[in-house]
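The following exercises ask the reader to work from a sequence and its three-dimensional model.

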Amino acid sequence: MTSQIAPPAPTGTPSTGYRLRWAGLAVILAAEVMDLLDTTIVGVAAPAVRQDLGGSDAQIQWITASYTLAFAVLLITGGRLGDLLGRKRLFVLGAAGFTLASVLCAAAPGAGTLIAARTVQGLFAALLIPQGLGLIKAMFPPKELGAAFGLFGPILGLSSVLGPTLGGYLTGADWFGLGWRAVFLINLPVGLLAVFAAGRILPADRSTTDPSTSDRATGAGTGADTRTGRIDPVGVLLLGLAVLLLVYPLVQGRELGWPLWTFLSMAASVPTAWLFTVQQRGVLRRGGTPLIEPSLFGKRAFVSALATGLVFFAALSGLMLVFTLHLQLGLGWTPLHAGLSMIPLSIGVVVGAVLSGALLAPRYGRRVLHLGMVLAAAGALGLWATVDGADGLTSWQLAPALALAGLGLGLIMAPFFDIALAGVEESETGSASGVLNAQQQLGGSMGVALLGTAFFGWARTDDFGHAAGLTYGLVAVLLAAAFVIAFLLPRQARPDGEGH
């Protein structure tokens, strides 16, 4: 598809950046919106899917889980393919495949077909999403990276709230008799726009054989690895197996009551990951191209960001899950009511992200991360104080604590990605992006498993308010742990706004 559209010639220098960089950022954010909507919108439509298509409880659960697993298993490989084959090429391919898979989901005649189409969606999302961070790093000069990453906060916040709200509305509105199928067709206009705009706006992939088109020369090439080589299929299988052994029981364990095999599977992921690292060292010694650049794990900023993000995203996913469960199971609110009640959280995220990206993060760096974690933890504790033992809660009563938590979460978004990618070389960017995205998926799965189990365990007496309150306290504990780990991060993403 990209060969049929003449992309603009890469222009700019490392100090000025790519000429169409802000338009390119909008294209990347559109892809993020598709992924986030697809992650959050489907759960609301699940009861309608079961009523229409039938299927067991396990099949309905797999409509969500199949996407998550496919996405997580291929994320790192997708990022590395961007290094080797070109990030723009993989972005367009991923967006086109994701859009087509969304149409297949909407047309699914049965639960099994829908699960298969959702798996295909997850695979193409794993090709699409990891390219975003690398493209941004290639298009923007160092002094503007903080502002560019800062826009992720508002988009993440708005999409996380829009997903359940839009899902509830579309399913209930039953436009043209589509019912739940409309939640997948919403991706069609966004996906087509992303594919077309990416071909015209994103900078061309640089040639690996022409030094004049390198990023260092133009400041705009989207990058393919200068090393020749191909993805190692043994490495792909080992990495995929290690992720599957860990993520599958995290996704399924709570629903199944944590049988013994879930713990054995998670334990087996450790030696499998060790075999992967040994195999990757062998690939590097033979002059091949490893899936994960070993040099990444010698970078303090990157390793510290992985540890910080793992805990932070576990807290974030757990908070969103428990809040939704409490409102719908405990208070009996509709999905639309619950989604609308999250608007204060979204507003807080937008305000925090704008303040962080435009004003605070470039000047104060890591301290903004710490401030955000304190405010988010205070918001979680505020929710605990609001819901525990309260009768007849309203959305307005929840709004102050939600807005405070959202403000903290928004403050975290901009400096986190900027600091995590500080010092990452061009040839490592795709690998780093894949690992960072995989870390978010893993952290989210861990948060859902840990906090979901805690919530349902405390709710056995049907006191959902008390259970939710205790779980919000656990969210605050996780954010406190992330606060401590974040001291390992460098104080700034780059000194005086310059690259390393």
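**Exercise 1.** Is R21 buried or exposed?

*Solution.* The model is a predicted one, in which local features need pLDDT of at least 70 and side-chain atom pairs count only at pLDDT 80 or more, while totals for chains, interfaces and linings use all residues. Residues are numbered from 1 along each chain as its sequence is written, and side-chain values use heavy atoms, with hydrogens and water left out.

Step 1. Recall the cut-offs: buried means under 20% relative accessible area, exposed over 50%, and partly exposed in between, with a 1.4 Å probe and protein chains only.

Step 2. R21 has a relative accessible area of 14%, so it is buried.

Step 3. Locate the residue: R21 is found in helix α1 (residues 21–53). Helices are DSSP runs of H or I with at least four residues, numbered from the N terminus.

Step 4. List the contacts, that is, heavy atoms within 4.5 Å. Not counting residues up to four places away in sequence, R21 touches T16, M139, F140, P141 and E144.

**Exercise 2.** Determine where helix α15 bends, and by how much.

*Solution.* Step 1. The bend at a residue is the angle between axes fitted to the seven residues ending there and the seven starting there.

Step 1. Helix α15 spans residues 343–364 and bends by about 55° at S356.

Step 2. S356 is also one of the buried residues of α15, which include G352, A353 and G357.

Step 3. Just after α15, G365 takes a positive phi of about 55°.

**Exercise 3.** Describe the largest nonpolar core.

*Solution.* Step 1. A nonpolar core is a set of buried Ala, Val, Leu, Ile, Met, Phe, Trp, Tyr and Cys residues joined through side-chain atoms within 4.5 Å.

Step 1. The largest such core has 106 residues, and those with the most contacts inside it are F91, I136, F312 and L398.

Step 2. Helix α13 (residues 300–330) supplies the largest share of this core, 14 residues.

Step 3. Leaving aside neighbours within four places in sequence, F312 is in contact with L409, I412, M413, L479 and A482.

**Exercise 4.** Classify the aromatic pair formed by Y67 and F98.

*Solution.* Step 1. Rings of Phe, Tyr and Trp (its six-membered ring) pair if their centres lie within 6.5 Å; planes under 30 degrees apart count as stacked, over 60 as edge-to-face and the rest as tilted. By this rule the count comes to 12 aromatic pairs.

Step 1. The rings of Y67 and F98 are 6.4 Å apart, centre to centre, with 80° between the planes, and the pair is edge-to-face.

Step 2. The pair links distant parts of the chain, 31 residues apart: Y67 lies in helix α2 (residues 57–85) and F98 in helix α3 (residues 87–106).

Step 3. Y67 is buried, with a relative accessible area of 1%, and F98 is buried, with a relative accessible area of 1%.

Step 4. Ring pairs link Y67, F71 and F98 into a cluster.

**Exercise 5.** State the surroundings of L331.

*Solution.* Step 1. L331 is found in the loop between α13 and α14 (335–341).

Step 1. L331 has a relative accessible area of 30%, so it is partly exposed.

Step 2. Leaving aside neighbours within four places in sequence, L331 is in contact with H326 and L393.

Technical notes
Helices (H or I, at least four residues) and strands (E, at least two) are DSSP runs, numbered from the N terminus.
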